[in-house]
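Hello,

Please find the structure below, followed by notes on what was found in it.

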Amino acid sequence: MTDVLPPLARRTLLGGAGALGAGLLTAGALPAERRLSDPFTLGVASGEPSPDGFVLWTRLAPDPYAEDGRGGMPDRDVPVQWEIGHDPGFRRVVRRGTEIASARLGHSVHVEVGGLHPGHEYWYRFRVEGRTTHVSPAGTTRTAPDPRTWATPLTMAFASCAQYEHGWFTAYRRLAEEQPDVVVFLGDYIYEYAPNDYVVGQGNVRDHAGPETTTLAGYRQRHAQYKADPDLQAAHAVAPWIVTWDDHEVENNYADSTAEEQEPYPTTAQFLQRRAAAYQAYYENMPLRRSAMPKGPDMRLFRRLDWGRMASFHVLDTRQHRSDQPNGDTFPASGPERDDPNRSILGVEQRDWLLDGLGSSRATWDVIAQQVMVHEHDYVPGAGRGFNPDSWDGYTADRQRLLDGFAERRVENPVVLTGDVHKTYAADLTRNPSDPTERPIGVELVCTSITSGGDGTDGYGADQLKDNPDLKLADDRRGYGIARFERDRMSVDFRTVQRVSQPGAPVGTRASFVVEAGDPGLQEA
């Protein structure tokens with residue numbers, strides 16, 4: 001795969017012991033009786049950028065496909081050294097230390113770094129010592145700007161939905177080549193299915209390892225299989241990530257403690273055991289802070305990160321706190337259950353947290369990173385009406401509270417980021433979508449999938465645009481989004497690859513839009 005794709009253009013991602021600077025500390029080592037092969041097969045990552053730091057991540061796994069989920073590691077803790085430099089050759093090291101890769105947490109490493117300069121780019125890497133010294137590839141990351149400044153424009157990539165079996169992860173490689181400042185991932189990082197349980201039209205191009213994921217060992221193995229992909233590793237190594245999940249990190253269309261199908265889980269407790277395993281594996285494999293560490297089947301994932309005065313990221317969890325879907329989750333749905341004011345997609349605590357944060361935000365752009373479509377989306381062509389009950393269309397009272405909150409709290413520039421549907425959509429958000437005279441109060445940018453759904457088709461979207469007047473774009477190709485935030489405008493390019501059924505496809509721009517600050521509404525660029 002890596003032979004097919006060109007190298008990254010600007011930053012050099014280093015690897016191997018030859019890249020090691022002489023000054024790296026050597027505190028601690030793997031027990032000498034075990035000769036460990038390369039433990040850094042899953043690459044490196046960073047995330048959660050703040051003005052003075054970020055989280056550095058790796059997970060030791062010399063055998064990523066091990067069925068027991070241990071990645072070929074011994075059942076003991078291992079010290080891992082890390083260092084941060086001002087330059088890719090690590091001639092100017094600014095911080096170093098040792099973190100324990102705990103066997104209890106799948107030999108994952110989460111280093112919470114502070115005390116750095118705001119708005120700076122840094123390089124980082126890891127090292128494990130034993131009979132052989134192993135050095136990880138190097139990654140690039142950055143701190144957020146000073147919270148009092150707008151700093152330079154922010155380039156953000158956003159992506160979702162990477163079904164390993166449906167295609168090659170070329171879109172991740174192309175995303176890395178864009179050199180974004182930050183990557184926002186909107187859910188479905190892995191898929192839980194057994195091999196060939198979810199097949200696309202042209203046929204799957206590669207297979208999942210192991211059965212459907214239901215245990216901690218299974219989720220660990222599945223995450224490792226995805227993380228071993230070199231294109232995904234390139235995307236992680238190029239910028240800090242801000243992540244949230246959707247359903248497939250656990251099970252398709254689950255809602256809080258309710259499984260998609262009840263037959264395998266006659267009691268709620270049994271499903272929550274599966275959810276606890278999935279949440280632990282998710283934490284182990286993502287660059288998250290210790291404050292996100294799950295407690296049994298519960299994990300606090302909604303949070304807020306600021307990028308100076310330019311943008312505030314309000315990261316949501318629309319899966320763990322929601323009511324069950326209306327109409328038995330039958331698609332397409334209609335009827336009064338969707339409008340029940342007692343049903344919620346966010347839960348009361350998260351909804352209040354979001355609205356309060358939007359009201360007090362000092363950022364020019366309020367970016368709401370979440371999973372499923374917010375705008376009203378009619379899927380039935382012609383006079384009929386039918387909606388996706390798993391999206392905000394299944395929770396219309398919560399959606400109205402959100403849209404009313406935009407207006408009542410005078411949120412000037414809300415930008416909703418969405419994944420889930422394996423399509424590219426761009427939509428204006430209005431308080432009353434059935435009224436064509438309503439002015440937009442925000443915009444929604446829906447990125448397509450990395451691979452889910454296979455290659456996609458040409459000519460998609462005519463009915464969607466006709467039946468949904470707030471829509472400005474509908475497309476069925478794989479890819480990602482690139483948004484650029486400035487003080488006076490936001491621009492977005494929807495980038496799509498020609499195919500995912502073969503590796504190495506080129507990328508192009510399907511459509512571009514601009515939003516002027518203080519004047520919500522999409523304009524074609």
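**Sheet, helix pair and pocket**

Seven strands make up an open sheet with mixed pairing, in the order 12-13-14-15-17-16-18. Strand 12 (303–307) and strand 18 (471–475) each have a single partner strand and stand at the edges, so one side of each has no neighbour in the sheet. On average, neighbouring strands of this sheet are turned by 15 degrees against each other, direction ignored. Please keep in mind that this is a predicted model.

Within the sheet, strand 13 (residues 311–315) pairs with strand 14 (residues 365–369) in the parallel sense, over five bridges. Ser-312 has Asp-366 in strand 14 as its bridge partner. Helix 5 (residues 348–360) lies across strand 12, strand 13 and strand 14, and runs at about 175 degrees to strand 13.

Next, a pair of helices. Helix 2 (residues 216–227) packs with helix 4 (residues 268–284) at an angle of about 35 degrees, the axes being 8 Å apart. The crossing of helix 2 past helix 4 is right-handed. From helix 2, Leu-216, Tyr-219, Arg-220 and His-223 take part in the contact, and they meet residues of helix 4 including Arg-274, Ala-277, Ala-281 and Tyr-282. By class, this contact holds six nonpolar, two polar and three charged residues.

Last, the largest pocket. The space in the largest pocket comes to about 490 Å³. Its lining has 25 residues, and those nearest the centre are Tyr-198, Asn-388, Asp-420, Val-421 and His-422. The lining of the largest pocket divides into nine nonpolar, eight polar and eight charged residues.

Regards

Terms used
Residues are numbered from 1 along each chain as its sequence is written. This is a predicted model: local features need pLDDT of at least 70, side-chain atom pairs count only at pLDDT 80 or more; totals for chains, interfaces and linings use all residues. Side-chain values use heavy atoms; hydrogens and water are left out. Two strands pair if DSSP finds at least two bridges between them. Helices (H or I, at least four residues) and strands (E, at least two) are DSSP runs, numbered from the N terminus. Axes are lines fitted to C-alpha atoms, for helices over the stretch in contact, and angles run from 0 to 180 degrees between N-to-C directions. Contact means heavy atoms within 4.5 Å. On a 1 Å grid over the protein atoms alone, a cavity is a set of points where a 1.4 Å probe fits but cannot get out, and a pocket is an open set with protein on both sides within 12 Å along at least five of seven lines; lining residues have an atom within 4 Å of a point. Grid points are joined across faces, edges and corners, and a volume is the space filled by probe spheres set on the points. Ala, Val, Leu, Ile, Met, Phe, Trp, Tyr, Cys and Pro count as nonpolar, Asp, Glu, Lys and Arg as charged, and the others, Gly among them, as polar. A crossing is left-handed if the near helix is turned anticlockwise from the far one by less than a right angle, and right-handed if clockwise.
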